[in-house]
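Keep the structure open beside you as you read.

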Amino acid sequence: MSELLQVEGLEKHFPVTKGLVFQKEVASVKAVDGVSFTLNAGETLGVVGESGCGKSTMARCVARLLEPTGGSIVFEGRDITHLNRADMRAVRRDMMMVFQDPYASLNPRKRVGFIVGEPLEVHGIGTETERKRRVQELLEIVGLNPEHYNRFPHEFSGGQRQRIGIARALAINPKLIICDEPVSALDVSVQAQILNLLKDLQQDFGLTYIFIAHDLNVVRHISDRVMVMYLGRAVEIGGRDDLYVEPKHPYTGALLSAVPIADPQAGRQRKQIVLEGDVPNPINQPTACHFHPRCPRFVDGKCNVDTPLLQPVGTGEQHLAACHFPLERWPMTEEEMRGHLATPVEAGAAD
Amino acid sequence: MSSLKVTDLNTSFRTDDGIVKAVSGVSFELREGNTLGVVGESGSGKSVTFLTVMGLLDPRQSQVTGSVLLDDEEILGASAARLRQVRGRRIGMIFQDPMTSLNPVKSIGWQLEEAVLIHNDITRKAARQRALEILKQVEIPRAEQRIDDYPHQFSGGMRQRVMIAMALINNPEILIADEPTTALDVTTQAQILRLMKQLQDEYKTAIVMITHDLGVVAELADDVIVMYGGKVVEQAGVDDLFVKPEMPYTWGLLGSLPRLNASGGRLDQIPGQPPSLLNPPSGCPFHPRCEFVMNVCRQELPALERSTQGVEHLFRCHLDEESRARIWERKKAGLVQETAA
């Protein structure tokens, strides 16, 4: 499989300034703090994490909707990190986005036909008649009635509006679609429709997805590989089955354990890991390993001193975790997690 | 002993576009110390049902009929004065977004004290003691310092804990929680749900947990009612509901859940979208989306009937027992296949 996207050491720092006239930078919100991953053509990379982990910011940096402050983005072999607007415009034909809020991502004053056809117009593709035909084709592909071409967004339900957003993203045959929480705002029964649709489209059109979500069940369902983010960094990345069956990073374990199970008996039988404390503030990041204040496996003097790097763990292909004391097995209870006496895995050592 | 007994509740709103029948003929019972899960999607009527129970609807815009018995006292249509005594003292309520339910210009200490002073004839100092006590119980760190902080100084999870504190400060018999963890991260949700379970164990509070998340229901509820289009379409003990759901909407809900232990494949989607309550479907509210729809479904609302599985397991469906059992076995096999793969 060819590599469609390579992100290396991506950083997005927002300066926090003080003073009215002479602005002095006093702190930095390190929203994305060195994230690296590759994406192969035709696959779906799920990105999970909680508030403030930087997943949305990372996605916007990849799409150059925000300017990265560090690192590089290589798309189809071309470094697009610092491309100017004109050059970037050509790249944008291949990289589209679907957003979370179906009520905010469509211009309420424009008809659906216009909204879906806008990318075609912006990139100067086709005549007006050809564009109209393409739009109707797209509406049908996403399961909407092509005769609703002249309706306004408010005449559609949330799920339908999300379909419109997807149709718009498909309009110019992109290679990569970045989906930022596309189903979070939808009812469960509608969510399933949209997920099925996205999977069908991927097969029919050979699409590659970056799929950002906080719902681990949804990510599990749609992804080939998954990246877990915490406070600006990738803490674990691996094949879907590897990560969900044998998570290596304690945070991934805690995340999986926190998800309520839709099965009362199974839920009663397991011992859930409940992390203490809140997700910390990206301005005041803990030293070294960002997760150390909440980690059941924390070792004083190591985890708060040496920043763990992403390194190969487990037996899975391309399964990496940034932890000095990766989990030996799964499932584990919190007590089992604490009771480790492992020596830290040295960077570069094979498992 | 039942804490709350709702019988044949109907709520309609008069709007510019017509009459919206938000709640139709809803009945259920909440027992002392139990947790009732209320499951439904947009427009199911789940939130309006409990706003009606609490008397929080504007009587100029809404029409309500039915009965709400709080320990044998009828509170539907009670006087404003009586309702004020009940709310916050016997029934506490917490909502989805803690930022909009907490007063942003008053410290949380002030708001907690207010909740106590309205219902108890004690000094401000004693009220503050009580506030501190409950803040510690909901695990707010450094409660003595934080009691004078304002809502915006707390994170989402912390604010929700403050909401829970405020709802429980007067030891109500019943706590109504409307999507309390929907806006929270999953690890924070786990903390809040654990906290609610602990407090329930300690205070023996009956909880109504309104949610669209079947996982939360499975974890917390003893009994469940499933609402659709303003009506109760199924109700059962939590184990019974997941073992043998009896009607197509519940099957659809369970089937459309992506699961942690499944591996891709197609989700059992329900076509279409939740119904408009301005123009509700005739007969069974689910019929426009039901893959097993028959003619009778379009004409007649199926009555609540008893399931052979479980005690007090009721549902609405025109399909016969044999067909339903057969269909569920088939769907279950589909779900199990996913898991085994």
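Two strands are said to pair here if DSSP finds at least two bridges between them. With that in hand, look at strands E3 and E9 of chain A: 4 bridges join E3(A) to E9(A), and the two run parallel. Please keep in mind that this is a predicted model. For a landmark within this pairing, find Gly46(A), which stands opposite Val226(A) in E9(A).

Now step back to see the sheet to which these strands belong. In chain A, 8 strands form an open sheet, and their order is E6-E7-E8-E3-E9-E10-E12-E11. The pairing within the sheet is mixed. Strand E6 (95-98) and strand E11 (311-312) of chain A stand at the edges with a single partner strand each, so one side of each has no neighbour in the sheet.

Return to E3(A), which covers residues 44-48, and look towards strand E8 (residues 208-213) of chain A. These two strands run parallel and are joined by 5 bridges. Here Thr44(A) is the residue that stands opposite Tyr209(A) in E8(A).

On to E9(A), where burial is the thing to notice. Because 6 of the 6 residues of E9(A) are buried, this strand is largely enclosed by the rest of the structure. In a regular strand, the side chains alternate between the two faces of the sheet.

What joins E9(A) to E10(A)? The answer is 6 bridges, with the two strands running antiparallel. Arg225(A) stands opposite Gly239(A) in E10(A), and Met229(A) has Ala234(A) in E10(A) as its bridge partner. The two strands form a hairpin with 2 residues between them. In the turn, Leu231(A) has a positive phi of about 45°.

E10(A) is itself mostly covered, with 6 of its 7 residues buried. E10(A) also pairs with strand E12 (residues 320-321) of chain A, in the antiparallel sense and over 2 bridges. In that pairing, Glu236(A) has Ala321(A) in E12(A) as its bridge partner.

Helix H9 (residues 250-258) of chain A lies across strand E9 (225-230) and strand E10 (233-239), running at about 100° to E9(A). Helix H5 (residues 158-170) of chain A lies across E6 and strand E7 (176-180) of chain A, and runs at about 175° to E6(A).

Next, find Gln272(A) in the loop between helix H10 (264-269) and E11 of chain A. Is Gln272(A) buried or partly exposed? Gln272(A) has 17 C-beta neighbours inside 10 Å, so this residue counts as partly exposed. Its C-alpha atom is separated by 9.1 Å from that of Val259(A), which is 13 residues apart along the chain. Leaving aside neighbours within four places in sequence, Gln272(A) is in contact with Ser257(A), Ala258(A) and, across in the other chain, Ala190(B).

That last contact leads us to the place where the chains meet. Here 39 residues of chain B are in contact with 37 residues of chain A. On the side of chain B that touches chain A, H7, H8, helix H9 (214-220), helix H10 (238-243) and helix H11 (248-255) each supply at least two residues. The largest share, 6 residues, comes from H8(B). By type, the residues on this side of chain B divide into 16 nonpolar, 14 polar and 9 charged.

Our last stop is helix H7 (residues 156-168) of chain B. H7(B) has 13 residues and reaches 18 Å from its first C-alpha to its last, close to the 18 Å expected at 1.5 Å a residue. This helix is mostly covered, as 12 of its 13 residues are buried; among them are Gly157(B), Arg159(B), Val162(B) and Leu168(B). The buried residues of H7(B) pack against several elements of chain B, including strand E6 (91-94), helix H4 (108-119), helix H5 (124-137) and helix H8 (186-203).

Key:
Residues numbered from 1 in each chain as written. Chains lettered and ligands numbered in written order. Predicted model: local features only at pLDDT ≥ 70, side-chain atom pairs only at ≥ 80, totals over all residues. Expected span 1.5 Å × (residues − 1). Buried ≥ 20, exposed ≤ 12 C-beta atoms within 10 Å, placed from the backbone. Contact = placed C-beta atoms within 7 Å. Axes fitted to C-alpha atoms, helices over the stretch in contact; angles between N-to-C directions. Nonpolar A, V, L, I, M, F, W, Y, C, P; charged D, E, K, R; others polar.
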